[in-house]
Amino acid sequence: MEAVIEVIDLVKEYTIAKKGRGLRGSLKSLLFPQKTKVNGVDGISFSIAPGEIVGYIGPNGAGKSTTIKMLTGILHPTSGSIKVCGISPQADRKAVVGKLGVVFGQRTQLYWDLRLGESFELLRRIYQVDKATYEENMAVLGDVLKLNDFIDTPVRQLSLGQRMRGDLAAAMLHSPSVLFLDEPTIGLDADAKHAIRDFIKEMNRKMGLTVILTTHDLDDVEQLCSRLVVVNHGKVVEDGPIDSIIGKLTPHRLLVVELERPCDDLSHPAATIIKQEGLKVWYQFEKVRVTAAELISDLSQKLPIQDLSVKEPDIEDAIRAVYKGY
Amino acid sequence: MLASFKHYVSVASCFAKLAVQRQLEYPLFLVSWLLMIPIQYFSGIWMLKIIVDRFQPLNGWDFPELTFLYGLGLISHGILVVFFINTWHIDNMVINGGFDRLLLRPMNVFFQLVASYVNFIGLIDCIPGIVIFLYGCHIVGFDWSLANIGKLLLVLLGGVLIRAALFIALGTIAFWTKRNASMVGFALSMLERATMYPLSMYPYILQAIFTFLIPIGFISFYPAAEFLGKSNGVLELPLSFALWTPTIGIVCFLLAHWVFRMGMKKYESAGS
Amino acid sequence: MLQAYWYITKMKLLTNLAYRFEVFASVGTNLILMLASVFLWQTAYKGGVGTVQSFSLQDLTTYTILSIMLGAMFVCDVQDTIYYKIREGQIVTDFYRPIPLLACYLADDIGGMLSAMANRVVPLILLASIFFGIPWPSSALSLLLFFPSCLLSYAILWLLSALVGLVAFWVMELGNMGMVKDSIVRVLSGSIVPLWFFPESVQTISKFLPFQYTYQTPLGIYIGNVGTKEALGAMAIQALWVGLLFLLLMAGWKRTKKKTLIQGG
C-alpha cells in the first residue's frame, strides 16, 4: 500500500549560543557571543502505512519533537525529503496540515477563558467543515470522549483529563487522516489515560486513522502501538514491531529458582547466576543459546527445586537499553 | 477566490467575537487602563500648552495647530492598538514557539497573527485621541467638507499601515536574533515623538530619516501641515499627502509582510 | 545577613547583563526621549529668547539629560514584583522565607539599579555629551548636594512603588495600578517639564504632594536653580516624605501580611 508518511534522510541543524559563567562570562557573551552547530536530527528515514499506530520514542533531546515539527510543516529541514499524503509539507503547508490533527500534551489549543464549544466553532470555520458534517463528527467524538458533560464549561475550569479530551476532539474535528500526538497522557490519572487510549484505538479501527505518538509512558506504547520507531541522538536506532525490538534489544531472560535446601553446585554452562538470596537463585540466559525448557530440565536434574518462574524482559528494559547509550 | 475570501472573513469575524468575549471575562481589569491612558495623553498635550504659553509657538506651530497634529497622530496610534496589537508580540512568539499552532492550520499565518486578536481595549487609546483631535479641529476651524473627510480617512488608513509595517519589521528581527528584542517600547516612543510633535523641530538629518528611511513623517506631520495650509518646511510633493500617505503605507506594509515571510522560513519553534 | 542581600543584588546584576538586546533597546528608547525633549527645548528657545523665568537653554538641556538618566537608573520593579507574586499566589510561600521580604525586593532593585548604571547610564551620558556637550553641574557644591538628594528621591519612589504594590492585595481585579501611578509621577515630578513652568495653582498643590521631590528637587539642585539653604530645606522635606511613606508602608505591610497568612493567599 502507498505510504502515508515517507521520510528520507532527514537532517535538522541547530545553532546554539554558548553562555559564559560568572560576571566575566556574562560580559564576554554580551560582547562576543559564541555559537556552535549541532544536528538535532541526523539522517532519519522511515515510512508509515495507512492505519498504522506508530510509537515514536526516545529520551529527551533525542530529536522526537523536532521530527514531528518537520513532518507537520512547522520546521523546515536542513536537508532530506518528507512526503505526507504524497505532498511535501514544506512545499504546500496548507494542503498538508488540512489532513493532519495535532495534539501537544503540554500545550492546549483551546481558549482558556471561553467555554469549550467556542473553540470548536472557531476550528470548524478554520477547517471549513460544513454544519452537517460538523454535527455528525461531533456526535461521534462527543460519544466516545463524553464531551457533552463539559462542552459548556470554560476551559480553565476543566480537569486535565477533560481538557485533553477537548484537545483530542479539537484535533479530530475536521476528520484528519493522520493524527500526531505529542505526550498525550502526560500528567493524567489512570482513568483519563484509559479513556484517551480507548479513543485512539476506536478512531484507528473505525476510520483507519494513522497515528504517530511520542510518549514517555510505556503503557501507552504497549497498549496502542503495533510498531515502534526508537530514536536516540538524532538517529533511528530501532524500527519494527514491539516484540522483535524487545527481543533484539534485550536478548536476556531470567529464570528465578527457589530451592528446597542449600546446594553447592548451582552452575549451568549456558546461564549465568546474577543474584543469590537465601534459597532463591536468579539465572540469566540467552534465548538463542538455550530454551527455558532445556534450562529447567537440566537444573531440575541436579537441584531440588521447590518453585520457579521465568521473567520475560518488557518494553521498559528494552527502552532502558536504548537510553543507556545502546 | 470568492470562496477563499468568504472563508477568511468568516474566520476573522469568529476570531473577533472570541477576542471580545475573552476580554469581557475580566471587565475590572480595564480600570487601570481607563485611568492611565487618558492621564498619559491629556497630560502630554497639557505640557505642550504649558511650553507654548511660557515660551512661543514651536517652529510656527501654535497651540491649536499642535492639538490638531497631536490628535491626528494619536488616533492612528489608537487604531493600530485595536487592530494590530499582535504585531507587538512577534518576538515573543518567535522565542516561545507561538507560531506552531498557527502553522498547523490551513490558513495564512500572517492573517492568523493579526486577526486572532482584536484588542477592543485599544479603544481606550482612541478616546483621548478623538477628543483631542476634535478639540483641535474646533480651535483651528477645520472645514468638515466631504473632500476633507475623505482625505482624513485616507491619511488614517495610510498612517496605520505605516505604523503596522514598522512593528512587523521590528518584531521580525527576532527570527534571526532568536532573542526577545523588546523593541516595542523603543518604537512606541519614537513614533510618539515623531508623529505627535512637529517633525520640523528636529535637525535635518532626523527629518530626512523620518521621511525617506522610516517614513514616519507621512503618518501625521505632512498631512497635518497640508490640512492646516502650512508649509512643512521640508518636503514639497506634487498631489496631496492624502494620496501619498496611503500609497507609502501600502508599500511599507507589503515590504514588511515580505520580510515577515522571509523570517518565517527561519522559524525554529523553540520553547518546548 | 547582609551577605544574603548582596547575593540577591549580584544575581540581579548578572541576569540583567545577560540581556544584551534589552539593554540596547532601553538605551535607544531613553536616547530618543532625551533627544526629543532637548530638541523641544531648543525649539522653544529659538530666535534669541535668552532666559525664561531665569532658565537658560543650557539649564533645561542639562535638566532634561539628567532627568532621563535618573529615569533609567531608578529601578522600582517592586510594584510589579508584588503584583505578579500575588497574582500567581506565590507571595504566601515568600512570607515564610527567613529574611524580610521587602528587604529582598529592595536588594533586587538595587541590583537592577547597579546594572542600569553600568549598561544604561554610562552609554547615555556618553551619547548626551557627544550630542550636547557634557552636562556640568552648576557648582561643586551643587554636585555634592545632588547625590544625597538623589538617594532620598529613590527612597521616595521606591516606597511609593511598594505602597502601590500593596494595593494589589486589596483590589487584585483592577489590574496593575502601578502604571497609573507611573503616569502621574511622570507629570507631577517635573521629570519632563519642570513644575516651575506649570500654572501657579498646580505648583501650590504640588508642594503638598511627594512627587516633585523625586525628580525636580535633585535636578533643581544640580542646575543651581536653588540656593544652598533652600536645597537643604528641600532635602529635609524629602526626608520627611521618606519617613512618612516608610511608616505608611510598614503599617500597610503588617496588615496585608496578617490578612494573607490568615486567608492562606
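Colleague: What should I know before I look?
Modeller: This is a predicted model; local features need pLDDT of at least 70, side-chain atom pairs count only at pLDDT 80 or more, and totals for chains, interfaces and linings use all residues. Residues are numbered from 1 along each chain as its sequence is written, while chains are lettered from A and ligands numbered from 1 in the order in which they are written.

Colleague: What are the ipTM and pTM?
Modeller: The model scores ipTM 0.89 and pTM 0.86.

Colleague: And which pLDDT does chain C average?
Modeller: Chain C averages 87, and 94% of the residues score at least 70. pLDDT is the predictor's confidence in each residue, from 0 to 100.

Colleague: Which element of chain C has the lowest mean pLDDT, and which the highest?
Modeller: Helix α1 (residues 2–18) of chain C has the lowest, 70. Helix α10 (residues 216–222) of chain C has the highest, 95.

Colleague: Switching to chain B. How many helices and strands?
Modeller: Chain B has 13 helices and 0 strands. Helices (H or I, at least four residues) and strands (E, at least two) are DSSP runs, numbered from the N terminus.

Colleague: How much of chain B is buried?
Modeller: 44% of its 272 residues. Buried means 20 or more other C-beta atoms within 10 Å of the residue's own; exposed means 12 or fewer, partly exposed in between, with C-beta atoms placed from the backbone.

Colleague: Now the contact of chain C with chain B. How many residues from each?
Modeller: Chain C gives 28 residues and chain B gives 33. Two residues are in contact if their C-beta atoms, placed from the backbone, lie within 7 Å.

Colleague: Which element of chain C supplies the largest share?
Modeller: α2(C), with 12 residues.

Colleague: Last one, α4 of chain C. Which residues are buried, and what do they pack against?
Modeller: In helix α4 (residues 78–87) of chain C, V78(C), Q79(C), T81(C), I82(C) and Y83(C) are buried. They pack against α6 (101–132), α7 (140–170) and α8 of chain C. Just after α4(C), G89(C) takes a positive phi of about 70°.
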